[in-house]
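User: I'd like to go through this one with you and ask where each label comes from. Could you set the value against the rule every time?

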Amino acid sequence: MKRRWMMVLLAAALTGAAAQATAEQAPMGVSLERPWARASIGTSRPAAAYLTIINRGLEPARLVDITTPLAGRAEVHLTVKTDNVMRMEQVERLDVPPGGRVVFEPGGLHIMLLDLRQPLTKGGTLPLTLRFSGGGSIDASVPVFGPGARGPDR
Ligand SMILES: [Cu+2]
């Protein structure tokens, strides 16, 4: 636990932009950790963002929508490998069980940002809003790292 907070503080110190979750309107017990994104190649290609959704509540949390002012669409995708070919599938329904967490990371689940309205640039931030069934939502200020970043701390 301590270590996790150290990571968050370190990431905040490095980028000057901490993830900000508005606890008041978030679904009970649900929070985000370690949000990050990679710099995009202009606006012609989609970009990806990653984070961890943690549910410390007693009810399942269902993610129903993700929006950002920087992209026309934000979708949950899963990278899958079939016959040595990598491809992405859209995940229509994402549930975080009580006491559970869902980790988005390169090669697995990611938030795909399509129809970018402006490029994601290193050192910048990407505002994201995650909406859950039941009406709760969480806003995140996602730090943007370089195009070769593999995580929020490397
Ligand atoms: Cu994708």
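Analyst: Happy to. Along the sequence the pattern reads α-β-β-β-β-β-β-β-β-β-β. Keep in mind that this is a predicted model, in which local features need pLDDT of at least 70 and side-chain atom pairs count only at pLDDT 80 or more, while totals for chains, interfaces and linings use all residues. Residues are numbered from 1 along each chain as its sequence is written, and side-chain values use heavy atoms, with hydrogens and water left out.

User: How do you know which residues reach pLDDT 70 or more, and what share is that?

Analyst: pLDDT is the predictor's confidence in each residue, from 0 to 100. The protein's mean is 86, and 84% of its residues reach 70 or more. Residues 5–24 stay under 50, and the model has 20 contacts beyond four places in sequence for them, a contact being heavy atoms within 4.5 Å.

User: What makes H77, M88, H110 and M112 donors of the copper ion?

Analyst: Donors are N, O and S atoms within 2.8 Å of the metal (3.2 Å for Na, K and Ca), and water is not among the atoms, so sites may look incomplete. Here H77 (ND1), M88 (SD), H110 (NE2) and M112 (SD) lie 2.1 to 2.3 Å from the copper ion, so they meet the 2.8 Å limit. In sequence the donor residues are spaced H-x10-M-x21-H-x1-M. H77 is in strand β4 (residues 71–82) and M88 in strand β5 (residues 85–90), so this pair ties together parts that are 11 residues apart in sequence.

User: And why is the site of the copper ion called tetrahedral?

Analyst: Four donors count as tetrahedral if all angles lie between 85 and 135 degrees. The angles among the four donor atoms are 89 to 125°, so the site passes. For reference, ideal angles at a metal are 109.5 degrees for four tetrahedral donors.

User: What stands out about phi in the hairpin of β4 and β5?

Analyst: There are two residues between the strands, and D83 takes a positive phi near 50°. N84, in the loop between β4 and β5, also has a positive phi, about 65°, although it is not a glycine. At 67% relative accessibility, N84 counts as exposed. D115, in strand β8, has a positive phi near 55°, and its 52% relative accessibility makes D115 exposed too.

User: What makes the 41 residues a nonpolar core?

Analyst: The term covers buried Ala, Val, Leu, Ile, Met, Phe, Trp, Tyr and Cys residues joined through side-chain atoms within 4.5 Å. The largest such set has 41 residues, and I53, F104, I111, L113, L126, L128 and L130 touch the most other members. Strands that each supply at least two residues include β1 (30–38), β2 (47–55) and β9 (125–132).

User: Where is P143, and why is it called buried?

Analyst: P143 is in strand β10. Its relative accessible area is 5%, so P143 is buried. Its C-alpha atom is separated by 5.2 Å from that of W36, 107 residues apart along the chain.

Terms used. Tetrahedral: all angles 85-135°; square planar, octahedral: opposite > 155°, others 65-115°. Helix = DSSP H or I, 4+ residues; strand = E, 2+ residues; numbered from the N terminus. Buried < 20%, exposed > 50% of the residue type's maximum accessible area, 1.4 Å probe, protein only. Pairing = 2+ DSSP bridges.
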